[in-house]
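Subject: Structure handover

Hello,

Here is the structure I promised you. Please open it next to this email; my notes follow below it.

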Amino acid sequence: MRSKVVVGNWKLNGSLAGNEALLKALLREIPKDGSAACAVCVPYPYLAQARELLRGSPVGWGSQDCSRYDQGAYTGEVSGKMIAELGSKYAIVGHSERRTLFGDTDAIVVEKFAAAKRAGLTPVFCVGETLQEREQGTTEAVLARQMDALLEKSGAAGLDGAIVAYEPVWAIGTGKTATSQQAEDAHAFIRRRIAAKEANVAARLPILYGGSCKAANAADLFAMPDVDGSLVGGASLVAEEFVAIWRAAGAASKGR
Ligand code: PEP
């Protein structure tokens, strides 16, 4: 049985004082024996603060990206080893904002995934189609291309211990959430694609939904058999909302 995971993506938001208030609010509400895992992916400069405040707590932390390089003359890059050295568990790779705004191609994302794994991190590998691709009926073709880039490079076994996040680009930060059925169809497609190569890895793999997930729609999404939690952007900045999403994940875990 897969347990549920809720990961916050703070994007380019935060301040020392604001983060402290937010993290302390999460710590007040999230118990050690919760039924779903919880983590926040923070901007790099705040990883040390996350470690300071969250160490020994049930809330994990991580980064929103990871260099494909381990070390060397790569000005501005941050390696998986550095991220891991700050106690991080997770590194998001291939977020659609990185893909569309910063030139992360399928090939680069796959290299970042491998680098995160080399560093002992759990990569959160993001895939998802644009609105135009959905309207053209090419959602599955896009997901297949993004997943196959990874499967060809790292093999299905490389996904063991990782997380996949299905994030339809048209739902990210727009307030438009995919319906539970749209999410389930995409998640089931991704799982089948992996299962064709390694059934056990596919069965164990957490596949999270991302795209305007909030307290009001989380329970419906988490009730779907292949939706194992959420990657949460905007709502992860509001403690009450994020905790409510995490609670919905815990409740769905118990119901499985
Ligand atoms: C995200 O950034 O991964 C995300 C899903 O954002 P939002 O929840 O704001 O749509």
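How far does a polar side-chain atom of Lys 11 lie from an oxygen atom of the ligand? The distance is 2.7 Å. Please keep in mind that this is a predicted model.

The ligand site

A polar backbone atom of Ser 212 is 2.7 Å from an oxygen atom of the ligand. For Gly 234, a polar backbone atom is 2.8 Å from a ligand oxygen atom. The ligand on its own would expose 290 Å², and the protein buries 96% of that area.

There are 14 residues around the ligand. The nearest of them are Lys 11, Glu 167, Gly 173, Ser 212 and Gly 233. Sorted by class, this shell holds 8 polar, 4 nonpolar and 2 charged residues. As for the space that the ligand takes, it is the second largest pocket.

Two loop residues

Take another look at Lys 11 and Ser 212. Lys 11 sits in the loop between strand 1 (4–9) and helix 1 (16–29). Its phi is positive, about 55°, although Lys 11 is not a glycine.

Ser 212 belongs to the loop that runs between strand 7 (207–210) and helix 10 (215–222). Here too phi is positive in a residue other than glycine, with a value near 55°.

The whole protein

The secondary structure consists of 11 helices and 8 strands. Along the principal axes, the C-alpha atoms fill a box of roughly 50 × 45 × 35 Å.

Best wishes

Conventions:
Residues numbered from 1 in each chain as written. Predicted model: local features only at pLDDT ≥ 70, side-chain atom pairs only at ≥ 80, totals over all residues. Heavy atoms only, no water. Near = heavy atom within 4 Å. Polar contact = N/O pair within 3.5 Å; in protein donor to acceptor, adjacent residues only side chain to side chain. Areas by Shrake-Rupley, 256 points an atom, 1.4 Å probe, with all protein chains shown as cover. 1 Å grid on protein atoms, 1.4 Å probe; cavity = no way out; pocket = protein on both sides within 12 Å on 5 of 7 lines; lining within 4 Å. Sits in = over half its atoms within 2 Å of the grid points. Nonpolar A, V, L, I, M, F, W, Y, C, P; charged D, E, K, R; others polar. Helix = DSSP H or I, 4+ residues; strand = E, 2+ residues; numbered from the N terminus.
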